[in-house]
Amino acid sequence: MERAGPRLRPTAVLYACGMNSVRSPMAEALTGQLFPGQIYVRSAGVRSGKVDPFVDSVMAEIGIDMSRHQPKTFEELDESGFDLVITLAPEAHHKALDMTRTEAVDVEYWPTLDPTLATGSREQILSEYRAVRDQLAMRIRKRLDWVPPPSG
């Protein structure tokens, strides 16, 4: 693993939230965009939700196509062996701690607002989704020690 500031950079990351329809798929896609081919990344939820069209919209604004994302639960994951699980909702954090109690894996909780609770006009709701997207991008860059590619 590569050094990432004072921590080792993980090679496999799982993001988890309540229904794997908003926050965790955003984080998965952002990590894939920032670290293409460098970090194995997946997402899951405690329960299976539905695809959220607001997520599709705000991610498309930054060049990420979410059309292939299908929400899945922890139990539906085909993979294991993650060295970092980042949870974005309390229920996901409890599930991840329970699921990994016998494994050597770091579990971090990043409290993240749920933009599905936003009300108002379409633009006001999109603004809440953008705020979550941008907060996640900032935390991912900081935690995983992102360095922009050289311009050239």
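Trainee: Quick one to start: is Arg101 buried or exposed?

Mentor: Exposed, with a relative accessible area of 63%. Keep in mind that this is a predicted model.

Trainee: OK, and which residue does Arg101 form a salt bridge with?

Mentor: Asp98, and the closest N and O atoms are 2.3 Å apart. Asp98 itself is partly exposed, at 46%.

Trainee: How many salt bridges does the count come to?

Mentor: The count is 8. One of them pairs Arg130 with Glu61, with 2.7 Å between the closest N and O atoms. Arg130 sits in helix 4 and Glu61 in the loop between helix 2 and strand 5, so that pair ties together parts 69 residues apart in sequence.

Trainee: And which residues do salt bridges with shared partners join into one network?

Mentor: Glu61, Glu123, Arg130, Arg133 and Asp134.

Trainee: What about Lys95, which partner does it have?

Mentor: Glu75, at 2.6 Å between the closest N and O atoms. Glu75 counts as exposed at 53%, while Lys95 is partly exposed at 26%.

Trainee: Switching topic: where is Gly18?

Mentor: In the loop between strand 3 and helix 1. Gly18 is buried, at 3%. Its C-alpha is 5.1 Å from that of Val46, 28 residues away along the chain. Gly18 also touches other residues, including Arg23, Ala89 and Glu91.

Terms used: Residues are numbered from 1 along each chain as its sequence is written. This is a predicted model: local features need pLDDT of at least 70, side-chain atom pairs count only at pLDDT 80 or more; totals for chains, interfaces and linings use all residues. Side-chain values use heavy atoms; hydrogens and water are left out. Helices (H or I, at least four residues) and strands (E, at least two) are DSSP runs, numbered from the N terminus. Buried means under 20% relative accessible area, exposed over 50%, partly exposed in between (1.4 Å probe, protein chains only). Contact means heavy atoms within 4.5 Å. A salt bridge is a side-chain nitrogen of Lys or Arg within 4 Å of a carboxyl oxygen of Asp or Glu. Lists of a residue's contacts leave out its neighbours within four places in sequence.
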